[in-house]
Amino acid sequence: LKWIDYITNAGKGYSYGFEWEMTWQLQDNLRIASSLGLLKTKVTQYNNLDSESFNLKNREVAHAPQYSFATSVQYALTDKLSATIELEGKDKFYYSDSHNYQSQAYNLINARLVYSVESYELTAFINNATDKEYGVRGFDFTGWDQDPRSGEGYDDVQFEQLGAPKVIGLSVRADF
């Protein structure tokens, strides 16, 4: 069994974007935080000597979702106890510049309950509360026993590395 991978550079391209972040303290005990990222990318020239092989021209770059966001609401129940709920999301994106395998867009819900006293903090949390299955990395292995530079006889095999499932936990923090 043999697998050979190689990397080639794109000739030209562009990327530009916008990031926004804001925190609103609506009341002494209520805070809303939001962030938004918008990104536009494109490979405009691709210099591959083999015109029959994979070509990135006119495609977005890898790991460059067109949007990402996070919004949270934190409410102080008392001067020592607060609760936070968060929604975060990301648009679909290409996993690599060597294939066209893409993630799906996804949204995650996280929550925290924090008890603070003096320099100590106890946090109960749940991340990915809905146990959403989402991809963070993807691999496209074309013909495991083939040299991808040969251009012949490929069977695409795609693998996806998933993000963390629902995680429930406790953490303790002490500041000295």
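Here is a friendly conversation about this predicted model.

Student: Before we start, how are residues numbered, and what do the values rest on?

Tutor: Residues are numbered from 1 along each chain as its sequence is written, and side-chain values use heavy atoms, with hydrogens and water left out. As the model is predicted, local features need pLDDT of at least 70 and side-chain atom pairs count only at pLDDT 80 or more, while totals for chains, interfaces and linings use all residues.

Student: How many helices and strands does the protein have?

Tutor: Helices (H or I, at least four residues) and strands (E, at least two) are DSSP runs, numbered from the N terminus. Along the sequence the pattern reads β-β-β-β-β-β-β-β-β. The count is therefore 0 helices and 9 strands.

Student: What share of the 176 residues is buried?

Tutor: Buried means under 20% relative accessible area, exposed means over 50%, and partly exposed lies in between (1.4 Å probe, protein chains only). Of the 176 residues in the protein, the buried share is 23%.

Student: Which share of the contacts with a separation of 6 or more joins residues 24 or more positions apart?

Tutor: A contact means heavy atoms within 4.5 Å. Among contacts in the protein with a separation of 6 or more, residues 24 or more positions apart account for 56%.

Student: Is His-99 buried or exposed?

Tutor: Let's find His-99 first: it lies in the loop between β4 (81–90) and β5 (106–117). Leaving aside neighbours within four places in sequence, His-99 is in contact with residues including Phe-54, Arg-59 and Tyr-94. Because its relative accessibility is 5%, His-99 counts as buried.

Student: Which residue's backbone nitrogen does the side chain of His-99 reach?

Tutor: A polar contact is a pair of N or O atoms within 3.5 Å; within protein, one must be able to donate a hydrogen and the other to accept it, and residues adjacent in sequence count only if both atoms are side-chain atoms. Here the distance is 3.1 Å, and the backbone nitrogen reached by His-99 belongs to Tyr-101.

Student: Which residue forms a salt bridge with Arg-59?

Tutor: A salt bridge is a side-chain nitrogen of Lys or Arg within 4 Å of a carboxyl oxygen of Asp or Glu, and the whole structure has 2 of them. With the closest N and O atoms 3.2 Å apart, the partner of Arg-59 is Asp-97.

Student: How many residues apart are Arg-59 and Asp-97?

Tutor: Arg-59 is buried at a relative accessible area of 6%, whereas Asp-97 is partly exposed at 33%. Arg-59 lies in the loop between β2 (30–46) and β3 (67–76), and Asp-97 in the loop between β4 and β5. The pair links distant parts of the chain, 38 residues apart.

Student: Over the ring of which residue does the charged end of Arg-59 sit?

Tutor: A charge sits over a ring if NZ of Lys or CZ of Arg is within 6 Å of the ring centre and within 35 degrees of the ring normal. The charged end of Arg-59 is 3.8 Å from the centre of its ring, and that ring belongs to Tyr-94.

Student: Which residue meets Arg-173 in a salt bridge?

Tutor: Arg-173 is partly exposed, with a relative accessible area of 47%. The N to O distance is 3.1 Å, and the partner is Asp-175.

Student: How many aromatic pairs are there?

Tutor: Rings of Phe, Tyr and Trp (its six-membered ring) pair if their centres lie within 6.5 Å; planes under 30 degrees apart count as stacked, over 60 as edge-to-face and the rest as tilted. A search of the whole structure gives 6.

Student: What is the angle between the planes of Tyr-67 and Phe-69?

Tutor: Their centres are 6.4 Å apart, and the pair is stacked. The angle between the planes is 25 degrees.

Student: Where is Glu-118 found, and what is its phi?

Tutor: Most residues other than glycine have a negative phi. Glu-118 is found in the loop between β5 and β6, and at 79% relative accessibility it counts as exposed. Its phi is positive, near 50 degrees.
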